[in-house]
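Dear colleague,

Please find the structure below.

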Amino acid sequence: MPELYVSGAALGALAVAAAVATLVRGPALAFVYPLSALAALALGAVDLHVLLGGGELVAWLPIGLPTIGVHLRLDSLSAFFGIVINGGILAASIYGIGFDRAKELTPRVEPLFPLFAAAMNLVLIADDAYAFLFSWELMSLTSWALVVARHTDPESRRASYLYLIMAAIGTSALLFAFGGLAGPAGGYGFDTIRAHPPQSLVAALVLAAALVGCGSKGGLIPLHAWLPLAHPAAPSHVSALMSGVMTKVAVYGFVRIAFDLLGPPSWWWALPPIVLGAVTAVLGLLYAVLDRDLKRVLAYSTIENIGVIFVALGLALAFRANGQHEGAAVAMAAALLHVLNHSWFKSLLFLGAGAVLHATGRRDLDGLGGLIHRMPRTAAFFLVGALAASALPPLNGFVSEWLLFQAVIAGQTLPQAALHFAAPAIGAMLALAAALAAACFVRVYGTAFLGRPRSVEAARAHDVPLAQQIAMGGLAILCILGGLLGSVLAAVIAPVLRVLVGADLSSAGSGPTPLSLVAFDPARSIYDAPVIALFVAIASITTLFVVHRLSARRTRRGPAWDCGFPDPSPATQYTASSFAQPLRRVYGAVVFAARETVVMPPPGDNRPAQFSVVLTDYVWRALYAAPGRAVLKLSERLNALQFLSIRRYLVLMFAALVILLSIAAVMI
Amino acid sequence: MTGNLVVQFLAQGAQMFFVLLIAPLAVGVVRRVKARLMRRQGAPLLQGYRDLAKLLRKESVVAENASWLFRSAPSLIFALTWVAAALIPTFASGLMYNWAADVVALVALLGAARALLALAGMDVGTSFGGIGSSREMMIATLAEPAMMLIVLTLAIAAGTTRLAGVADFFIAEPLAVRVSMALSLLALVIVALAENARIPVDNPVTHLELTMVHEAMVLEYSGRHLALIEAAGMLKLVLYLSLLICLFAPFGMAPATAGVDGWALGLLAWTVKLLGGAALLGVWEVSIAKMRVFRLPDFVGIAFVFAFLAILLAFLSRGAIE
């Protein structure tokens, strides 16, 4: 099987690249990126071959645990996620090729980059719990090391510390989940688990543990707190990988456990992912719309999208548990297409943010502005990503959103009251999230790329090297094509849908044109992006033609009108904070207990007025700050135990021994 | 069959043409009714056409700082709104291309036009542009989810998200009076007022700094660019009025199978209803005051709550619960 050798060679090349990169210094490190790009291309090609051609690749390696070894398997589900991941790695690597060899390569980043890429690929092909957890942990640690690459920055240190704690909690939850899956017999191979799925109570615990383990990696609220700190702290092409791609590995973990290993679902399994996902979708965007850091806004938007994906997964579980395979297929198609679409537009946006950071040295939105004039190409690509992230047609974000709404409507056929009434509530939350996403990205794009520059750095910006433009441009084209050809993508993922929910979009291809996306039935729901795009194009061209014939074609450049009093200072523009002010008043007062205070000096006093806003993050306060304080307090108390006399220690040991023995006596 | 196809195609073209043709008249009716109720003479009914012609003739002054986005936005906004308006069943329900986008896509198309307009408002970098965009998006975060819930409710009632299917359902059952429909109607009216920048959400005739929303965004536009933006606004009014008519007063609309005669009748009925709706809007606008910006969330929030109750009731009435 040549595919096996190709995959093995590519993964080997990544490992060798990592090893060699630890030995070399300076400009020589640049070899990492072309090599990673080639490896990602090869791995992606194998994934595509497996997904389209059917079948699967299986391998057993005599490494790892003695007598057990490592089982690897590439089935259609792994192959689909492999395409998502290697697409992201390819884009990030091409972006990396554009780095300035003299200045931008550091031995803290380049050796870890291929290792991180390889680790993510390994998670997907792991076919036993040991291999899965090992590669999952490798992925966590390499990404942690990439976050801490700029360790001189206290923000980065704090972010990486929090990330390390959350990753440890997540992995221990997964450890627990696989322990439950393996059962008392201890069959850790995925095929053994599949043959003997756990009983109902254990299954519930496994599902909860999987939700914690994968949810914390993906950023489900309330396990998200590390994500908006860690993702932006890494170098931008790594941020793109972490946000665009690594969160998808988390989704993969959940899908593998909940849809594949855990056996037939009960209906109430659907509730936790649906509820957590819907809350995450709305809250993630509310955080995003109030934040002023370009990369952090993008990270919060990732949280939102993971929420949307989990809602879709929950709906798919609900439909599947009730034997409604068509509904399950629509919901699952929404989830998988959103995985793909989000990886494209979020990687694009993070690479764009990296370009902005590179050109201006700033990522605070209130210090940018006017970049559309100085970085025209980056601005155009970023616009595509921003509109796709706002789920606007005809771009790709809307395709999965559309499918998800169709699944929500189909929720009326779910027989259980809890799910039946959850569906309209989810519809409301998703609609709110979509509208907030548009507000969020108008704000980001409007302050960073439009208007006048708010700082010297923004005024002196320049566009990035060609390789980085190619990386962003390629992703932008994918966002457009993914929007137009949603039906083709839905057909490509059909084998994955059949494996996961036992049905695919059965009416695919029965629409009025071959490219119509059909949910359930052509008489029920059709979305035909190419026809709409064609109509909009015809309408625009007709308009342009007619207007040019009818109107005076003269266009004059003049100073801005601004109601007659244009102010030359760029400080009079709306900033990201002022743009968010109405939203803060409407939503922030409830969700974040936002308090605005204005201190006006008395008349005659020429001190400036002061304005301040206080936001309270309840999730942080209740779930992170309070336990953190408790741990500190406890360790302070226990600290006294370090300074006892030997006599006391002996007494303590004796007491412990007596207690243990008495417990043992009672138990036996 | 080919002959039929040509007729269908022409009908679709006629739909696009008629919505465009009638839009300035509808706005003229609103203004005229308002003026008369305030005991003013008012501008002639055809003033909307003259305004557009005047703007088209004038030169466009573009701010020095404006980018390509500012210059290309008006035609895109106009095209998006026009396509959205062409998809709404007006005089006949089963036109050739209105399967291409369903109700969800319709909401999103309008969302795309709005996002472009808000971006264009921020392009020049003036304080007014920002104020308009910021407020517009704030209102949109309340109005758009309400709109989405309304169309989902209708889709559940009709069993399809296709606009033609929804319209056919309401033609077949015009007296389908249900609580969820009544709530949807109320919510849709509020959303329509908000989306069209009408009193009490926004005032289309004033340029008062503290209150304006839509006008603040388009402040920098002039000449043919402004003409396109204004035309898009007029089209949007026709779109929402037609949507209300097609859902809640569909009598007279020709079904998919009707021939040219049926269409002519449908066209007449639609025109009368549309202008009647515009007159009602005029009456409404003189009988209520503009709201403060920060009271708007309460007003538009009512639409959201109504829409949510409507979809909840729709879910309740469908499907068996164990």
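Two strands are said to pair if DSSP finds at least two bridges between them. Helices (H or I, at least four residues) and strands (E, at least two) are DSSP runs, numbered from the N terminus. This is a predicted model, in which local features need pLDDT of at least 70, side-chain atom pairs count only at pLDDT 80 or more, and totals for chains, interfaces and linings use all residues. Residues are numbered from 1 along each chain as its sequence is written, while chains are lettered from A and ligands numbered from 1 in the order in which they are written.

Between the chains, strand S5 (residues 555-558) of chain A and S1(B) run parallel and are joined by four bridges. Within this pairing, Val62(B) in S1(B) has Arg557(A) opposite.

Two residues are in contact if their C-beta atoms, placed from the backbone, lie within 7 Å. In these terms, 77 residues of chain A are in contact with 76 residues of chain B. H5(B) gives the largest share of the side of chain B that touches chain A, namely 18 residues. Sorted by class, that side has 46 nonpolar residues (Ala, Val, Leu, Ile, Met, Phe, Trp, Tyr, Cys and Pro), 14 charged (Asp, Glu, Lys and Arg) and 16 polar (the others, Gly among them).

As for chain A itself, 25 helices and seven strands are present. Its C-alpha trace spans about 95 × 70 × 60 Å along the principal axes. Among contacts in chain A between residues at least 6 apart in sequence, 78% link residues at least 24 apart.

Yours sincerely
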